[in-house]
Amino acid sequence: MNITALRDAHERIRPHIHRTPVLTSATFDRETGIEAFFKAEHLQKIGAFKARGALNAILRLEADTAARGVVTHSSGNHGAAVAWAAARRGIPATVVMPHGASRVKVDAVESHGARVVRCAHGEREATAEAEVASTGGTLIHPYEHPDVIAGQGTATIELLEDVGPLDALVVPVGGGGLSSGSAIALAALAPATSLVGAEPARADDAYESLGSGRLVPGRTDPDTIADGLRAGLGPTTFEILRSAGPQIVRVEDADIVEACRFHLLFMKQVVEPSGAVATAALRSIAARMPGARVGVVLSGGNTDLGWL
């Protein structure tokens, strides 16, 4: 996969998505000593960057394949994105969601007309495979899918177009779709920009995988407030990130909550915990890069505010 796939994806999805704004905060810059540019993907369609990848993948399906519908598994945002994209194309969608998924996110999936199938967290992939066999639908994997990765990378293309050169880009890491797409975009458009992956300390398989040079399975049911980042890297995203060599920064749940509070109180933005992980990570490393220009992807804003 290369920048051509990302540019093609951008042209394909551009008419259907928001070109989300880039936000700044004088308070954040003063407190951290850097210049931060927040890509507001929490204001994207369905409230998360996931709309980009899901739409690209679904629009790429041949008509006869699309008519049989699509299937995915998700803790929430990707499921809502697939449901939304399928509705735009007028095809059925089935979303496998783990027990304990946020009610807000389950409601979002159902609001777009998708059928929800519940299962244990560790049974998501097996349940989705069973649904593919039963329905004949096409699996739109949340991150192990080239069209999904290409779509996610379009957020970085827009950010670079809007703010120019950056010293670093900080993105959340769960399954690795966003970070992989970001890595491909940076390699082609801004090779001097460092990629930083932000990960909950309680779901740190990316840190372990990239540190050891071998794919470490994600934890079965990690106990973290960042529910959208509980998935582990897949073989495809692991290989892309291993080649890119990003720094992975682990953050505690308490710091994630404080980042959510900062966005709410000082920037007047509702950012879900998974979306604020990148902000929390940047706070923890800002002292090492005084005066740097840093991009941050606020990946989602779908939350019931329970963290308050």
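Student: Which side chains meet in the salt bridge with E161, and at what distance?
Tutor: E161 pairs with R19, at 2.8 Å from N to O. Keep in mind that this is a predicted model.

Student: Where in the chain do those two sit?
Tutor: E161 is in helix α8, residues 146–163. R19 is in the loop between α1 (3–13) and β1 (22–23).

Student: Which salt bridge does E158 make?
Tutor: Its side chain meets that of R52, at 2.8 Å from N to O.

Student: Are R52 and E158 buried or exposed?
Tutor: Both are buried.

Student: What does R14 pair with?
Tutor: R14 meets E11 in a salt bridge, 2.5 Å from N to O. R14 counts as partly exposed because its relative accessibility is 38%.

Student: How many salt bridges are there in the whole structure?
Tutor: The search finds 19.

Student: Switching to strands. What is the order in the six-strand sheet?
Tutor: The order is β1-β2-β10-β7-β8-β9. The sheet is open, and its pairing is mixed.

Student: Which strands stand at the edges, and why do they count as edges?
Tutor: They are β1 and β9 (247–251). Each has a single partner strand, so one side of each has no neighbour in the sheet.

Student: Let's look at β7. How many of its residues are buried?
Tutor: Five of its five. The strand covers residues 168–172 and is mostly covered.

Student: Which way do the β7 residues point?
Tutor: A168, V170 and P172 point one way. L169 and V171 point the other way.

Student: What is the general rule for side chains in a regular strand?
Tutor: They alternate between the two faces of the sheet.

Student: How does β7 pair with β8?
Tutor: In the parallel sense, over five bridges. Strand β8 spans residues 194–200. V170 stands opposite V196 in β8.

Student: How does the chain cross from β7 to β8?
Tutor: It goes through helix α9, residues 177–189. This β-α-β crossover is right-handed.

Student: And what about β7 with β10?
Tutor: They pair in the parallel sense over three bridges. Strand β10 covers residues 293–298. The bridge partner of A168 there is V294.

Student: What is the bridge partner of A36 in β10?
Tutor: V294 again. Strand β2, residues 35–40, runs parallel to β10, and six bridges join them.

Student: What is the order in the four-strand sheet?
Tutor: It goes β5-β4-β3-β6, with parallel pairing, and the sheet is open. The edge strands are β5 (115–119) and β6 (138–139), each pairing on one side only.

Student: How many bridges join β3 to β4?
Tutor: Four, and the strands run parallel. β3 is residues 70–73 and β4 is residues 93–98. T72 has V95 as its bridge partner in β4.

Student: New topic: T27. Where is it found?
Tutor: T27 is in helix α2, residues 26–32. It is buried, because its relative accessible area is 18% and the cut-off is under 20%.

Student: What does T27 touch?
Tutor: F262 and F266, leaving out residues up to four places away in sequence.

Student: How far is T27 from G218?
Tutor: 36 Å in space, C-alpha to C-alpha. In sequence they are 191 residues apart.

Student: Last one. Which residues make the nonpolar surface patch?
Tutor: V270, L305 and L308 make it, and the patch is about 230 Å². V270 sits in the loop between α12 (253–266) and α13 (273–285). V270 counts as partly exposed because its relative accessibility is 36%.

Note on methods:
Residues are numbered from 1 along each chain as its sequence is written. This is a predicted model: local features need pLDDT of at least 70, side-chain atom pairs count only at pLDDT 80 or more; totals for chains, interfaces and linings use all residues. Side-chain values use heavy atoms; hydrogens and water are left out. Patches are made of residues with over 30% relative accessible area and no salt bridge: like charges are joined within 9 Å, nonpolar side chains (Val, Leu, Ile, Met, Phe, Trp, Tyr) within 5 Å. Accessible areas come from the Shrake-Rupley method with a 1.4 Å probe; for residues, only the protein chains shown count as cover. A salt bridge is a side-chain nitrogen of Lys or Arg within 4 Å of a carboxyl oxygen of Asp or Glu. Buried means under 20% relative accessible area, exposed over 50%, partly exposed in between (1.4 Å probe, protein chains only). Contact means heavy atoms within 4.5 Å. Two strands pair if DSSP finds at least two bridges between them. A crossover is right-handed if, with the strands pointing away from the viewer, the path from the first strand over the helix to the second runs clockwise.
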